[in-house]
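Please look through this short report on one protein model.

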Amino acid sequence: FFTKRFVLGSATAMPFRDNEFDAVWSIWVLEHIQNPEQALREIRRVSKSGGLLYLMPAWNCSSWAARRYEVRPYI
């Protein structure tokens, strides 16, 4: 049912052109990235001027950290 191509990439080095997207969303991702500031720069780079950003980090990561997942809690 999906007609979009699958793209393998990194949040800190996205394989997209500058100003490519009208909207970007990130749900429960930023807390897992070692350099979230670089990911935010990439989000800004691939977003069109005036584009919509939906960013939702997981605020309570203590249960993930207890299972040895790499997380960066936002509090």
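Glu42 and Arg45 sit three residues apart in helix α1, so about one helical turn separates them. Their side chains meet in a salt bridge, 2.9 Å from N to O. A salt bridge here is a side-chain nitrogen of Lys or Arg within 4 Å of a carboxyl oxygen of Asp or Glu. Helices (H or I, at least four residues) and strands (E, at least two) are DSSP runs, numbered from the N terminus.

This is a predicted model: local features need pLDDT of at least 70, side-chain atom pairs count only at pLDDT 80 or more, and totals for chains, interfaces and linings use all residues. Residues are numbered from 1 along each chain as its sequence is written, and side-chain values use heavy atoms, leaving out hydrogens and water.

**Salt bridges**

How many salt bridges does a search of the whole structure find? It finds three.

| Pair | Closest N and O atoms |
|---|---|
| Arg45 and Asp18 | 2.7 Å |
| Asp22 and Lys48 | 3.2 Å |

Shared partners join Asp18, Glu42 and Arg45 into one network. Arg45 is in helix α1 and Asp18 in the segment before β1, 27 residues apart. Asp22 lies in strand β1 and Lys48 in strand β2, so this pair ties together parts 26 residues apart in sequence.

Is Glu42 buried or exposed? Glu42 is buried, with a relative accessible area of 9%. Buried means under 20% relative accessible area, exposed over 50%, and partly exposed in between (1.4 Å probe, protein chains only). Arg45 is partly exposed at 23%. Asp22 is exposed at 55%.

Asn19 has a positive phi of about 55°, although it is not a glycine. Asn19 lies in the segment before β1 (21-27). Trp28 also has a positive phi of about 55° and is not a glycine. Trp28 is in the loop between β1 and α1 (36-46). Trp28 is partly exposed, at 48% relative accessibility.

Tyr54 is in strand β2 (residues 47-56).
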